[in-house]
Every structure is written in structure tokens, then in C-alpha cells.
Amino acid sequence: MLLIVFLCYFSFAQSQIPEQNLGSNVSRLLNTLLANYDMRLRPNFNGPPVKIQCTLNIDSIGPIDEVEMKFRIDFSFRQYWDDPRIKFDEDYEKLVLNAKFLERIWQPDTFFPESYESKKQQVMVPNILLRISPEGHILLSSRVTVISKCPMDLQYFPMDVQTCQLKIEAYGYTAKDLQMEWHPEYPVEYERKQLKLAQFELIGVYTHGYWMNLTTGNFSGLTLSLKFQRSLIYFVIQVYVPAYLIVILSWVNFWVNRSSVPARAALAITTVLTMMTLIGATNSSLPRVSTIKALDVYFAVSFFYVFGALLEFAVVCYLNKPRFMQPKRPLLESEKGGEIETCLNGSFENKDSDAPDSSKSYVFYVGNIDYYSRIVFPVSYFIVSLIYWCTYFVLT
């Protein structure tokens with residue numbers, strides 16, 4: 001029994017020796033690589049520029065803020081470059097090291113020039129991957145959160161398409177020392193189903209490089225362009241449909257008897273104030289820009305028709321007076337039946353229908369205004385609305 005236990009312990013100890021030797025060998029290898037390594041100098045110092053290949057794995061996007069014109073993006077940022085000073089034997093396929101080793105080797109000074117805020121993820125430990133191959137190839141991957149500016153053209157809002165850009169540059173190294181480029185095979189990786197936003201839909205991702213000439217030298221940079229299409233259904237439900245209903249409600253004035261001045265006044269003024277409230281509430285959540293937006297055009301048209309209904313009421317009240325209702329000639333006994341005007345509290349009530357009648361010989365028939373307004377206002381408004389939607393859908 002003791003012999004069996006001894007043999008098992010001896011076999012286990014022998015299996016642990018190679019692992020201990022491997023760990024000690026890797027430690028000696030790393031110490032050897034860093035013995036004469038100067039992290040203050042870039043690879044190929046005083047030689048050809050270092051090529052930094054970049055790739056992004058987008059984790060999430062949003063929110064996109066129209067008022068401050070900025071957006072947020074979370075991604076894994078990967079950088080590839082060669083450093084001949086840390087080549088080693090091919091006994092090890094790759095070495096995966098932690099962030100402590102990164103503090104002892106050279107790394108590119110990349111940054112995001114148009115960002116308001118950028119930070120690396122630190123939960124629970126710094127989210128950094130460092131991988132070194134025997135040929136001196138280095139992979140540095142880190143999870144980054146960036147809040148960057150996103151200039152927007154709101155001319156076609158809310159049927160607009162916006163493009164937000166994330167720029168990547170080297171801060172101190174000029175193009176003679178460091179050149180940045182996208183990875184040729186997979187520059188950007190993402191899953192479209194996971195990138196869902198409240199008011200936007202991601203419709204395109206584009207990458208390109210650029211050169212920038214400054215007083216301090218020529219620099220290379222990379223640009224990630226994200227193209228978004230705004231979702232219109234929210235604005236249809238919250239803005240367009242209520243505005244349509246307010247305009248239609250203002251047309252009820254044309255069917256109310258013109259002698260009912262309090263009722264017509266209350267309805268006309270209420271629709272005007274309601275439209276003004278809707279316009280103010282919608283614009284309060286948008287930036288104060290001098291550009292005339294598509295929504296402003298629609299609001300202007302709707303307010304014009306609502307205010308026009310109020311003016312129509314004012315004209316009818318003004319013309320509904322005795323001096324406008326006097327006949328051109330004395331009426332015959334047979335014509336007086338339907339033309340009796342009764343004065344009630346300073347207003348005159350016509351007991352006939354508002355429809356025009358060619359048999360009447362008044363200088364001006366006030367009922368014609370309401371009669372034709374019932375036709376002109378709805379027909380012209382729907383024609384203008386059709387032109388509005390067709391025009392902006394074609395432009396966008």
C-alpha cells in the first residue's frame with residue numbers, strides 16, 4: 001500500500017517539473033528580451049516608419065445627442081505592429097502577457113482627436129490583451145469608451161441621414177516615424193442586431209485613412225464613419241398626427257353658426273394656442289440652429305392654416321353687420337320671408353342656410369365665406385401636405 005502511494009506521488013511530482021521549468025524558462029526569456037530594451041525609442045529607430053494596423057470590434061453605440069451633437073461608442077481597439085527587438089525562439093508559439101509587461105515596452109501614442117471624453121475599461125482589472133509572437137509581432141487590445149463629437153446637418157430633420165465619425169491619430173510621432181492604417185482583412189467587426197438605437201438605425205460602416213499637415217509635421221490618421229438613418233415612426237406618432245388633428249379641428253369653425261361668436265372664438269383660439277404649444281415642446285429638445293428644418297416647414301404650414309381659420313372667423317364676425325347685409329333695392333313682399341335679421345346681444349342671426357343662394361340680392365352674402373372655406377382649406381392643405389412628403393422623401 002505504501003509502495004502504491006509513493007509511486008503516485010512520484011508520478012505527480014515528475015509531471016509538475018516540466019510546467020515549473022516552462023514557467024521559469026519564460027521568465028528568463030522575458031528578462032533577456034528586456035535586458036537591453038529601451039522603451040523610449042520606437043522600433044526601427046532612425047529607419048523606416050512603424051506600421052500600426054488597427055481594427056475595431058464595436059460593442060455598442062449610443063446614445064446620439066442632437067442637442068450637443070455628440071455620440072458614444074464602446075469598442076475593443078486592437079493595434080498590431082512589429083518590434084524586432086523582442087524576437088525570440090520559436091519554441092513558444094505565442095506569449096500572452098498582462099498589462100504590467102506593457103509598461104516596459106514601447107507602444108504607439110494613439111488618441112482620438114475629436115473626442116470629448118475617452119477612457120479604458122478598468123473593471124475588474126484593466127481590460128488589456130497583450131500578445132507577442134516569436135517574429136516580434138505584437139497585438140495590443142483594449143476596451144475603450146469614447147464620447148466624440150458628431151456634427152449634424154438637420155436640414156431634413158426628422159427624415160435625415162447623419163454620419164458620425166471617429167478619428168484615430170498618433171499624437172507625437174509624425175508620418176516619418178509612425179504610419180497608421182486599417183487592417184486589410186477585418187478593419188471593423190460588429191453585429192448589426194446588437195447595435196440598436198432608440199431613434200436611429202445603423203445603415204453603413206466605412207473606413208478610410210487620411211494625411212494631415214500641421215506646423216509640427218505631417219501626421220497620418222484613420223477615420224471610422226458610421227451612417228445612421230433616423231426612425232420616422234416616433235415623430236409621426238408624437239408630432240405629425242397631433243398636428244394634423246389640430247388643423248382638422250380648426251376647420252370645425254366653418255360649420256358652427258356664425259352667430260355663435262363665443263363658441264367659434266374659443267375653438268379658434270384654442271387650436272392656435274395648442275399648435276404653438278406643440279411647436280415649442282418639439283423644438284425644446286432640438287439644438288438652436290439657423291437651418292430651416294423639414295419639421296419647421298411642416299409646422300409653418302400647419303400654423304398658417306390654423307391661424308387662417310382664426311382670421312376667417314374674425315372676417316365673418318366683422319362682415320356679419322347690418323351695413324353689409326342691406327339689399328340693393330327694396331324687397332318685395334314675396335322676398336321678405338327668408339331675410340329677417342334678428343338682433344341678439346349686438347349680433348345678427350341669419351335664419352337661412354349658409355349656402356349661397358342666387359335669388360338673394362344682398363351686396364355681400366357673409367355665408368359664402370364659411371361655405372367656400374369648407375372646401376378650400378381641406379383641399380389645399382392636403383395638396384400641400386402631399387407635396388411636402390413627396391419632396392422630402394425624394395431629397396432624402
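Buried means under 20% relative accessible area, exposed means over 50%, and partly exposed is what lies in between. Lysine 167 comes out at 21%, so this residue is partly exposed. Keep that cut-off in mind. Everything I show today is from a predicted model.

First, the overall picture. The protein chain has six helices and 14 strands. Of its 396 residues, 39% are buried. The accessible surface is about 22,700 Å², and carbon and sulfur atoms account for 60% of that. Now take contacts between residues at least 6 apart in sequence. Of these, 76% join residues at least 24 apart.

Two bridges join E4 to E8, residues 161-170. Threonine 110 has alanine 170 of E8 as its bridge partner. Glycine 209 sits opposite leucine 222 of E12. The link from E11 to E12 is a hairpin of two residues.

Aspartate 109 is in the loop between helix H2 and E4. With 24% relative accessibility, aspartate 109 is partly exposed. Beyond its sequence neighbours within four places, aspartate 109 contacts Glu169, Ala170, Tyr171, Gly172 and Tyr173. A polar atom of the aspartate 109 side chain lies 2.6 Å from the backbone nitrogen of glycine 172.

On to charges. Side chains of opposite charge can pair when their charged atoms come close. The whole structure has 13 salt bridges. I will show three of them.

One is arginine 42 with aspartate 177, at 3.3 Å, N to O. The partners are 135 residues apart, arginine 42 in the loop between H1 and E1, aspartate 177 in the loop between E8 and E9. Are they buried or exposed? Arginine 42 is buried, at 4%. Aspartate 177 is partly exposed, at 26%.

Another is glutamate 66 with arginine 230, closest N and O atoms 2.6 Å apart. Glutamate 66 is in the loop between E1 and E2, and arginine 230 is in E12, so this pair ties together parts 164 residues apart in sequence. Glutamate 66 is buried at 10%. Arginine 230 is buried at 3%.

Then glutamate 114 with lysine 167, at 3.4 Å between the closest N and O atoms. Glutamate 114 is in the loop between E4 and E5, lysine 167 in E8, so the pair ties parts 53 residues apart in sequence. There is also a network: salt bridges with shared partners join Glu66, Asp160 and Arg230.

Lysine 293 is buried, at 5%. Leaving out neighbours within four places, its contacts are Leu154, Gln155, Phe157, Asn283 and Leu286.

Last, the surface. Tyr371, Tyr372, Ile375, Val376, Val379, Ile383 and Ile387 form a nonpolar patch with about 640 Å² of accessible area together. Valine 376, one of these, is in helix H6, residues 367-395.

Conventions. Residues are numbered from 1 along each chain as its sequence is written. This is a predicted model: local features need pLDDT of at least 70, side-chain atom pairs count only at pLDDT 80 or more; totals for chains, interfaces and linings use all residues. Side-chain values use heavy atoms; hydrogens and water are left out. Two strands pair if DSSP finds at least two bridges between them. Helices (H or I, at least four residues) and strands (E, at least two) are DSSP runs, numbered from the N terminus. Buried means under 20% relative accessible area, exposed over 50%, partly exposed in between (1.4 Å probe, protein chains only). Contact means heavy atoms within 4.5 Å. A polar contact is a pair of N or O atoms within 3.5 Å; within protein, one must be able to donate a hydrogen and the other to accept it, and residues adjacent in sequence count only if both atoms are side-chain atoms. Patches are made of residues with over 30% relative accessible area and no salt bridge: like charges are joined within 9 Å, nonpolar side chains (Val, Leu, Ile, Met, Phe, Trp, Tyr) within 5 Å. Accessible areas come from the Shrake-Rupley method with a 1.4 Å probe; for residues, only the protein chains shown count as cover. A salt bridge is a side-chain nitrogen of Lys or Arg within 4 Å of a carboxyl oxygen of Asp or Glu.
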